[in-house]
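Please look over this model with me. My notes follow as numbered points.

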2 protein chains.
Amino acid sequence: MSGVCADCAVRDVALCAVLSDSELARLNSIGRRQRISKGATVQWAGDESIMFANIISGVVKLSTGTADGREQIVGLLYPADSLGRLFALRVDYDATALTDAELCTFPRNAFERVLGDFHHLERQLLARTLGELENTRRWMLLLGRKSAEEKVATFLLHITERLKPTDCPGAAKGSHTYELPLTRGQIADVLGLTIETVSRQMTRLKTNGVIALPDSKRVTILQPQLLQDLAEAA
Amino acid sequence: MSGVCADCAVRDVALCAVLSDSELARLNSIGRRQRISKGATVQWAGDESIMFANIISGVVKLSTGTADGREQIVGLLYPADSLGRLFALRVDYDATALTDAELCTFPRNAFERVLGDFHHLERQLLARTLGELENTRRWMLLLGRKSAEEKVATFLLHITERLKPTDCPGAAKGSHTYELPLTRGQIADVLGLTIETVSRQMTRLKTNGVIALPDSKRVTILQPQLLQDLAEAA
DNA sequence: CGCGCTTTTGAGTGGCATCAACGTGGGTGG
DNA sequence: CCACCCACGTTGATGCCACTCAAAAGCGCG
């Protein structure tokens with residue numbers, strides 16, 4: 001097996017985990033690495049769906065909005081997650097890099113052909129898609145029924161969970177400080193709130209000693225249990 | 001091919017549409033029809049995931065809630081839609097019949113085995129799941145960013161669309177009257193609103209001549225275009 | 001140092017929730 | 001057959017949470 005997959009950071013956690021080395025070689029032959037810089041848009045809603053990709057590093061947002069400019073982030077993609085709309089002619093949502101990112105991209109048609117040949121890969125994708133659907137539905141409870149405080153607490157727990165394994169070099173173990181890949185405005189777009197409300201809730205959590213904010217991008221979870229309680233009760 | 005599938009109302013629109021008659025016979029052999037009466041819960045969140053089903057008739061809600069009793073409906077399932085959590089040990093959401101309903105149920109394990117044998121069925125399921133994910137994400141924009149008026153207008157358009165093909169005997173063509181399978185409270189749980197707000201918005205739409213309400217369960221769309229506008233702009 | 005962008009903080013408003021009362025229709029039992 | 005009940009829906013009064021508007025403070029950068 002040649003170069004590209006050999007040193008892949010997500011070889012064992014992404015979709016590809018179910019592939020043998022020889023199978024991986026086949027996939028490798030149609031894929032290529034792509035670097036995306038922070039803020040760059042990978043695809044626009046309505047674009048022709050020609051690409052499928054796995055995220056190697058970085059965080060990507062999926063977003064949509066109303067005609068008058070309100071925006072809603074409908075998904076956050078982390079390393080080992082997949083990006084792209086299979087089996088459809090057009091892409092449904094904007095995809096934008098929140099950090100510098102690295103993608104492993106494939107032409108959609110070619111990837112779908114590989115799926116047909118590697119049944120276990122297709123099954124893995126189905127299982128992950130079902131999981132993603134479940135996560136998305138859980139987020140609906142947050143959007144529809146939770147208060148601003150609960151939303152922010154839930155978000156902090158979520159991002160803590162997702163950033164722990166791969167993206168957080170400083171956090172050896174027991175440390176709880178993270179660098180947020182989202183601005184306050186983007187957090188607001190995830191939670192269905194405004195910038196100001198997010199900011200107020202964050203400072204409130206700081207004031208109450210639940211978290212600390214070394215600077216505006218970094219968060220330290222001081223009382224995980226309390227944060228957990230705030231995320232679920234009024 | 002024996003009885004059960006022969007007279008199935010959704011034979012050509014559900015998952016099974018991609019199966020030949022002989023393949024269908026195989027699926028038939030592990031499935032059985034089940035009647036569910038209105039209000040009955042098919043599965044509880046946390047239950048062991050042992051069942052997969054296609055909906056033949058009726059409407060089923062998928063819901064979740066907070067510890068203190070707030071509820072959010074995270075999905076509405078119509079005829080030809082599928083129900084159940086494959087590839088997982090436990091079910092994620094409550095599933096409750098909103099109307100009398102008819103299901104075509106399979107043991108989960110057996111169904112997963114059939115999926116393995118009928119590759120095109122698995123692909124069809126994957127494609128449908130991706131579509132469902134897309135629809136769910138679109139609903140997030142509604143929950144996070146739309147006003148009460150936009151929410152109600154969007155819901156009325158949605159239900160109109162979904163009820164048109166199969167479930168609406170009275171609506172020959174050009175008629176725009178539908179029977180809502182949801183109470184005001186359930187609509188509120190879909191939209192992340194309260195009963196009172198839903199009621200007020202409905203009477204407001206009636207007052208403005210956009211819809212008519214022959215009785216509290218029936219809705220007539222008088223001005224579809226206007227409703228469309230209300231659904232998307234402030 | 002000054003410029004732009006993000007974040008914070010403050011004051012005021014408004015949309016939706018909450019609380020409460022009343023109306024309505026369908027089912028049940030006397 | 002009617003009185004009753006109960007779940008559902010409507011309508012009104014009030015309050016609060018989050019939005020809006022506004023301004024100042026922090027931060028990176030040329």
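1. Terms for the strands come first. Strands (E, at least two residues) and helices (H or I, at least four residues) are DSSP runs, numbered from the N terminus. Two strands pair if DSSP finds at least two bridges between them.

2. Ground rules. This is a predicted model: local features need pLDDT of at least 70, side-chain atom pairs count only at pLDDT 80 or more, and totals for chains, interfaces and linings use all residues. Residues are numbered from 1 along each chain as its sequence is written, chains are lettered from A and ligands numbered from 1 in the order in which they are written, and side-chain values use heavy atoms, without hydrogens or water.

3. Strand β7 (residues 94–97) of chain B has two antiparallel partners here. β2(B) (residues 41–43) is joined to β7(B) by two bridges, with Q43(B) opposite A95(B). β4(B) (residues 60–65) is joined to β7(B) by four bridges, and V60(B) stands opposite A97(B). D94(B) and T96(B) point one way from β7(B), A95(B) and A97(B) the other; all are buried. Buried means under 20% relative accessible area, with a 1.4 Å probe and protein chains only.

4. Helix α6 (residues 184–191) of chain B is mostly covered, with eight of its eight residues buried. Among them are R184(B) and D189(B). The cover includes α4 (119–145) of chain A, and from chain B β5 (71–77), α4 (119–145), α5 (148–163) and α7. Just after α6(B), G192(B) has a positive phi of about 70°.

5. How do the copies relate? A rotation of 180° with 0.0 Å of shift along its axis superposes chain B on chain A, at RMSD 0.0 Å. The same surface serves both: 100% of the contact residues of chain B recur in chain A. Contact means heavy atoms within 4.5 Å.

6. DNA strand C has 18 residues around it; R184(A), S199(A), A148(B), T194(B) and T197(B) come nearest. Near means a heavy atom within 4 Å. By class, the surface has three nonpolar, nine polar and six charged residues, with Gly counted as polar.

7. Which side chains reach the phosphate oxygens of DNA strand C? An N or O atom of R184(A) is 2.8 Å from one, and one of S199(A) is 2.7 Å from one. R200(A) puts a polar side-chain atom 3.0 Å from a base nitrogen. α7(A) gives the most to this surface, five residues.

Conventions: Copies are superposed by least squares on the C-alpha atoms of residues with pLDDT of at least 70 in both. A polar contact is a pair of N or O atoms within 3.5 Å; within protein, one must be able to donate a hydrogen and the other to accept it, and residues adjacent in sequence count only if both atoms are side-chain atoms. Buried means under 20% relative accessible area, exposed over 50%, partly exposed in between (1.4 Å probe, protein chains only).
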